[in-house]
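This report goes through one protein model by region. Please keep the sequence and the 3D view open while reading.

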Amino acid sequence: MPSCHLQRALGLAIAALALSASAQDFPPKKPVTLVVGFAAGGAADAAARLIAKKLGENIGQSVVVDNKAGAGGNIAHQQVAHAATDGSVLLLGSVGPLTIAPHLMKVGYDPVKDLAPVSGGVYFPNVLVVHKGAKVKTLAEYVQLSKAKPGSVDFASTGAGSASHLAGELLNERAGIDMTHVPYKGGGPALQDLLGERVTSYFSAPPTALPHIEAGKLIPIATTGLTRPPYLPNIPTVAEAGYPGFEALNWYAFVAPSKTPAPVLERWNQEIVKVLNDPKVKEALLKHGLTPQPTGRAELATFMKNESAKWGAIIKERKITAE
């Protein structure tokens, strides 16, 4: 009968062989699917296609982008949570489904238990824009107007629970104001109503607002990151304009089904980080207003946990519901 020491050694050897076998299955022997929870043509899709192309070149395997739009990205997250666990399925997850939606509604997945962090992807701040008829040019004037006529200043978003919605609610909380939220089914309708002066303001994705800012049709008064984005160097952040620590970012991160073997997840992390650090990929992403955010797996897990806690607290305090 083997001794305890021999049994332990055999156990370790078997575990090592299992890990080695899992690692040898990378890349998967079939095409890789990178799922995106939004329609083609948006920021998430642009990032996914740029990254997927380089990933495929680097690993010598096809990486196909699969757009599964609907329910603010929740449909894609639910699908990947229950997808194949052989490393052939990745998801470019987003701030809403990963850290906001679970606080607002029942979703068919648990972002912590069903999805494993792989690497950060890209992020960008929103820009708070107003129409010319609002007659405000700074965040201080905007807040003053909101306080002078509580509830009269409204802000558009791309939907209840979206990053643009929560940015407005965070400003409500930090500035002690009570702006009225006006949800839309997307950035296009929100922007059209802002240009038509049917809504006062909008926490817009920069690529959407920039052409109208440059044409003088919209006034940018603040951005929602901690630092000024390079494409709006003269516009202060909300933090700079009087609310230190204010940060409300749109971000996308790579996740996979939670039962995917750890060695495979680690390999995907290495490959994605390599792509995000590639100078040509970085340049292409920045041209789209997207800042690369490569991270380790543990770092991403901590980031998502902190984001979830922050937005969960705002949702509870502001009594936000899935309108």
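## Histidine 77 and helix α3

Leaving aside neighbours within four places in sequence, histidine 77 is in contact (heavy atoms within 4.5 Å) with Leu91, Gly93, Ser94, Pro97, Leu98, Tyr109 and Leu115. Histidine 77 has its place in helix α3; helices (H or I, at least four residues) and strands (E, at least two) are DSSP runs, numbered from the N terminus. With a relative accessible area of 0%, histidine 77 is buried; buried means under 20% relative accessible area, exposed over 50%, and partly exposed in between (1.4 Å probe, protein chains only).

The model is predicted: local features need pLDDT of at least 70, side-chain atom pairs count only at pLDDT 80 or more, and totals for chains, interfaces and linings use all residues. Residues are numbered from 1 along each chain as its sequence is written, and side-chain values use heavy atoms, with hydrogens and water left out.

## The six-stranded sheet

Which order do the six strands of the open sheet follow? The order is β2-β1-β3-β10-β4-β11, with mixed pairing; two strands pair if DSSP finds at least two bridges between them. At the edges are β2 (63–67) and β11 (291–292), each of which pairs on one side only.

Strand β1 (residues 32–36) runs parallel to β2 and is joined to β2 by five bridges. Leucine 34 has valine 65 in β2 as its bridge partner. Helix α3 (residues 74–81) packs on this sheet and touches β1, β2, β3 (89–94), β4 (115–125) and β10 (249–257). The direction of α3 makes about 145 degrees with that of β3; axes are lines fitted to C-alpha atoms, for helices over the stretch in contact, and angles run from 0 to 180 degrees between N-to-C directions.

## The five-stranded sheet

Another open sheet has five strands in the order β7-β6-β8-β5-β9, and its pairing is mixed. The edge strands β7 (180–183) and β9 each have a single partner strand, so one side of each is left without a neighbour in the sheet. On average, neighbouring strands here are turned by 30 degrees against each other, direction ignored. Helix α6 packs on the sheet, touching β5, β6 (154–157), β7 and β8 (201–204), and its direction makes about 150 degrees with that of β6.

Strand β5 (residues 127–131) is antiparallel to β9, with five bridges between them; histidine 131 has leucine 218 as its bridge partner in β9. Four bridges join β5 to β8, also antiparallel, and leucine 128 is partnered there by phenylalanine 203. By contrast, β6 and β8 run parallel and are joined by two bridges. In a regular strand the side chains alternate between the two faces of the sheet. In β8, Ser201 and Phe203 point one way and Tyr202 and Ser204 the other, and all are buried.

## Nonpolar cores

A nonpolar core is a set of buried Ala, Val, Leu, Ile, Met, Phe, Trp, Tyr and Cys residues joined through side-chain atoms within 4.5 Å. The largest has 46 residues, of which Leu139, Tyr142, Leu171, Met179 and Trp311 touch the most other members. Helix α6 (residues 163–175) gives the largest share of this core, six residues. A second, separate core has 32 residues, including Ala47, Val118, Leu265 and Leu285.

Not counting residues up to four places away in sequence, leucine 171 touches Leu128, Leu139, Tyr142, Gly176, Ile177, Met179, Phe203, Val238 and Phe246.

## Packing of α4 and α11

Helix α4 (residues 95–104) packs against helix α11 (residues 297–317) at an angle of about 40 degrees, with the axes 9 Å apart. The two helices are therefore oblique to each other; angles under 35 degrees count as roughly parallel, over 145 as roughly antiparallel, 65 to 115 as roughly perpendicular and the rest as oblique. On the α4 side, the contact is made by Val95, Leu98, Thr99, Ile100, His103 and Leu104. On the α11 side, Met304, Glu307, Ser308, Trp311, Gly312 and Ile315 take part.

Leucine 226 is in the loop between β9 (218–223) and β10 and is partly exposed at 46% relative accessibility. Beyond four places in sequence, leucine 226 touches Thr237, Ala239, Gly245, Phe246 and Glu247.

Most residues other than glycine have a negative phi. Lysine 135, in the loop between β5 and α5 (139–148), has a positive phi near 60 degrees and is exposed at 72% relative accessible area. Lysine 319, in the segment after α11, has a positive phi of about 55 degrees and is exposed at 70%.
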